[in-house]
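Please look through the sequence and the model first, and then read on.

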Amino acid sequence: MSSLKNILYFQAGLGILANTFLLCFYTFTILGHRSKPMDLTSCQLTFAHILFLLTGGDNWLAVILESLNIESDFKCKAIFYTSRVMRGFSICITCQLSVFQAVTISPHTSLLAKFKHKLKTYIIYAVFYIWFFNFLVCSHLLVYVGGFNNVSETNQMRVTESCSLFLMNYVISGLIFTVTTFRDVFLVGVMLITNAYIVIILFRHQRHCKHLHSIRHLRVSPEKRATQTILLLVVFFVVMYWVEIIISSTSLLLWMYDPGFLTVQKLIVTVYPTITPLVQISFDKRVINVLKNLQSKCQQIF
């Protein structure tokens, strides 16, 4: 149990550091007017992942709130609401990245080409609606999550040591389940379709290039590098999403609190926000150049 906790702490800590670095990079890039259309979206994704890791990676935010002597009920509502909003925002933004990348690399003869010139405007509108939608969808947690008490244990499911999820009537729980399931299935479906489209475009482009140049002399373009990054992130997200669904469903069916099971669940749900910044750093030449400059400066100092 302690070894799992240590792995969780290391994983969450690594994810927070990597996402914080990327958040600073994207912020300075955007403020310096050297940003790409996707940088604003990526910036918000890293911000959401930081908050998700703080609330989901063994509730570090709970420790901060406890040190401030904030009551358990408010603490539980704040943690679970923030965690679920950030989780929903993460899946929406990942889908948005996939769709807009498909628009970016689409040929001029395709139907998607007409959206290219207004892509930045669409990104801003999409992000606004995504925030609003996820705030609204997760609002039930402000009512049905609270501090755990021993008065009526049958009407609540203990989800952490101090927090519990209260029973909802069938109409409300059915409505929430339908909306969240439709959102997730729809977004995952869109991601799979757009990624299939992207793979077809890349395959055609590569086949065309083979006729013009030798493969040894081909250089990977920034667009292709960005496309490969998003493809990798989406595939990884879909796999981890279904693993999370299986674990979460099992937890709800058992309707019981198991610290070991909860730790495993936290390990699974924090994998994607931890891996994402590492993949982005590895594939973004701008970030690699910044790291190389920092390394050379450190070598000069020491």
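Predicted model: local features only at pLDDT ≥ 70, side-chain atom pairs only at ≥ 80, totals over all residues.

Residues are numbered from 1 along each chain as its sequence is written, and side-chain values use heavy atoms, with hydrogens and water left out.

**The chain as a whole**

The protein chain holds eleven helices and three strands, where helices (H or I, at least four residues) and strands (E, at least two) are DSSP runs numbered from the N terminus. Along the sequence these elements follow the order α-α-α-α-α-α-β-β-β-α-α-α-α-α. Of the 302 residues in the protein chain, 43% are buried; here buried means under 20% relative accessible area, exposed means over 50%, and partly exposed lies in between, with a 1.4 Å probe and protein chains only. Among contacts (heavy atoms within 4.5 Å) between residues at least 6 apart in sequence, 75% join residues at least 24 apart.

**Helix α4**

Helix α4 has 34 residues, and because 26 of them are buried, the helix is largely enclosed by the rest of the structure. At 1.5 Å a residue, α4 should span 50 Å, and its end C-alpha atoms are 49 Å apart, which agrees; the expected span is 1.5 Å times one less than the number of residues.

**Salt bridges**

Side chains of opposite charge can pair when their charged atoms come close. A salt bridge is counted when a side-chain nitrogen of Lys or Arg is within 4 Å of a carboxyl oxygen of Asp or Glu, and by this rule there are four salt bridges. Three of these pairs are set out here.

| Pair | N to O distance |
|---|---|
| R87 and D184 | 3.0 Å |
| D184 and R183 | 2.9 Å |
| R286 and D284 | 3.0 Å |

The bridge between R87 and D184 links distant parts of the chain, since R87 is in helix α4 (residues 72-105) and D184 is in helix α7 (residues 170-212), 97 residues apart. R87 is buried at a relative accessible area of 9%, and D184 is buried at 5%. R183, which also pairs with D184, is buried as well.

D39, D284 and R286 are linked in a network of salt bridges.

**A nonpolar patch**

F10, L14, I275 and L278 make a nonpolar surface patch of about 340 Å². Patches are made of residues with over 30% relative accessible area and no salt bridge, with like charges joined within 9 Å and nonpolar side chains (Val, Leu, Ile, Met, Phe, Trp, Tyr) within 5 Å. L278 lies in helix α10 and is partly exposed at 32% relative accessibility.

**What the record lists**

An unreviewed UniProt entry lists several stretches as "transmembrane region", including residues 85-103 and 123-147; such annotations may be inferred rather than shown by experiment, and the positions follow the numbering used here, with feature names shortened. In the model, residues 85-103 are 100% helix and 0% strand, with end C-alpha atoms 27 Å apart. Residues 123-147 are 76% helix and 12% strand, and their end C-alpha atoms lie 38 Å apart.

Terms used. Areas by Shrake-Rupley, 256 points an atom, 1.4 Å probe, with all protein chains shown as cover.
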